[in-house]
Amino acid sequence: MADEWQRCMDHGVEVTQQAGKLIREALERDVAVMQKSSPVDLVTETDQRVEQLIITSIREKYPTHSFIGEESVAAGASSVLTDAPTWIIDPVDGTTNFVHRFPFVSVSVGFTVNKEIEFGIVYSCIEDKMYTARRGKGAFCNGVPIKVSGQQDTTQSLVLTETGFKKDPEHFKTMMGNMEAVLSIPVHGIRSPGSAAVNMCMVASGAADAYYHMGIHCWDMAGGAAILTEAGGVIMDTSGGPFDLMSRRLIVASSRNIADRVAMAITEFPCGRDDAES
Ligand code: IPD
């Protein structure tokens, strides 16, 4: 099957590149914004068009494969991961950035077989950085090998996380408290680039040393998880246990020391699972 998955990945890179081009072109026009679950959960016509482009192209070539796509799930499709070859797609990761033309916007594609991530593709399309990784074969940015910083000392680290309005005041308090706890370790600083997939690639390429997040989705994490792991990074659950793609939370870091220290500092809040049957 090795060659078969490589062919899938090559096709994935090609269609991801086309998707990125479509996003860049859309940025030259007015962006019509719609709301999803809350005033800060945004979607645009571009998210929907890009997802359609990717799924249509892949389905033509691989009609038996499954898909979990952010916008298809929003429209009612299942997000339960099965053993089937599955493409997990975030067509525009960083929709808020896209709306504001803040330059971290990515297309994220992860591919799983038997629920294991086989490869990941993240195209940060405004920066024109194509990150790719195949299981056991290393991680690359525009074809050049990348690796994590290797930083072991949390007090020397730069940490990424994302903030957002949380309707539940308890969640909001925990999110803000977590930032305070991490800053007080102390660390060199916290940054919020606004695209989970880009955040993971930043850790994978040594531009940051850790990233933690609760409340994201499998489509935000799948592509970046492959890249981070292949770049020598550590990925785990916010509890300190093994990473679970459907758990909606993660810590990634350049070393186990830093991942453990961040896990110790933060408090979890319940965020449900992507595979919870509704
Ligand atoms: C969002 C981004 C953002 C994170 C949000 C995600 P989307 O993805 O990854 O960094 O803070 O939680 O939903 O919605 O733009 O694909």
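User: How many bridges join E5 to strand E6, and which way do they run?
Analyst: In this predicted model, eight bridges join E5 to strand E6 (residues 116-124), and the two strands run antiparallel. One place to look is Ser108, whose bridge partner in E6 is Val122.

User: What do E5 and E6 form, and how many residues are between them?
Analyst: E5 and E6 form a hairpin with two residues between them, and Asn114 in the turn has a positive phi of about 50 degrees.

User: And what does E5 pair with in E4, parallel or antiparallel?
Analyst: Strand E4 (residues 86-93) pairs with E5 in the antiparallel sense, over six bridges. Ser108 in E5 stands opposite Asp90, and Trp87 has Phe111 in E5 as its bridge partner.

User: Is E5 buried or exposed, then?
Analyst: Eight of the eight residues of strand E5 (residues 106-113) are buried, so E5 is largely enclosed by the rest of the structure. Ser106, Ser108, Gly110 and Thr112 point one way from the strand, while Val107, Val109, Phe111 and Val113 point the other way, and all are buried. As a general point, side chains in a regular strand alternate between the two faces of the sheet.

User: What about E4, how many of its residues are buried?
Analyst: Eight of the eight residues of E4 are buried, so E4 is also largely enclosed by the rest of the structure. Strand E3 (residues 66-69) is joined to E4 by four bridges, and these two strands run parallel; within that pairing, Gly69 has Ile89 in E4 as its bridge partner.

User: Switching to aromatics, how many pairs does a search of the whole structure find?
Analyst: A search of the whole structure finds six aromatic pairs. Among them is the pair of Phe102 and Phe104, which is edge-to-face, with 5.9 Å centre to centre and 70 degrees between the planes. Phe102 is partly exposed, with a relative accessible area of 38%, whereas Phe104 is buried, with a relative accessible area of 19%.

User: Why is the pair of Phe111 and Phe119 called stacked?
Analyst: The ring centres of Phe111 and Phe119 are 4.7 Å apart and their planes are at 10 degrees, so the pair counts as stacked, the cut-off being planes under 30 degrees apart. Both Phe111 and Phe119 are buried.

User: Which residues form one aromatic cluster with those two?
Analyst: Trp5, Tyr62 and Trp87 form one aromatic cluster together with Phe111 and Phe119.

User: How many of the lining residues are nonpolar, polar and charged?
Analyst: By class, the lining of the largest cavity has five nonpolar, three polar and two charged residues.

User: Last one: is helix H6 mostly covered or exposed?
Analyst: Helix H6 (residues 196-204) is mostly covered, with nine of its nine residues buried; among them are Val198, Asn199, Met200 and Cys201. Just after H6, Gly206 takes a positive phi of about 85 degrees.

Key
Residues are numbered from 1 along each chain as its sequence is written. This is a predicted model: local features need pLDDT of at least 70, side-chain atom pairs count only at pLDDT 80 or more; totals for chains, interfaces and linings use all residues. Side-chain values use heavy atoms; hydrogens and water are left out. Buried means under 20% relative accessible area, exposed over 50%, partly exposed in between (1.4 Å probe, protein chains only). Two strands pair if DSSP finds at least two bridges between them. Ala, Val, Leu, Ile, Met, Phe, Trp, Tyr, Cys and Pro count as nonpolar, Asp, Glu, Lys and Arg as charged, and the others, Gly among them, as polar. Rings of Phe, Tyr and Trp (its six-membered ring) pair if their centres lie within 6.5 Å; planes under 30 degrees apart count as stacked, over 60 as edge-to-face and the rest as tilted.
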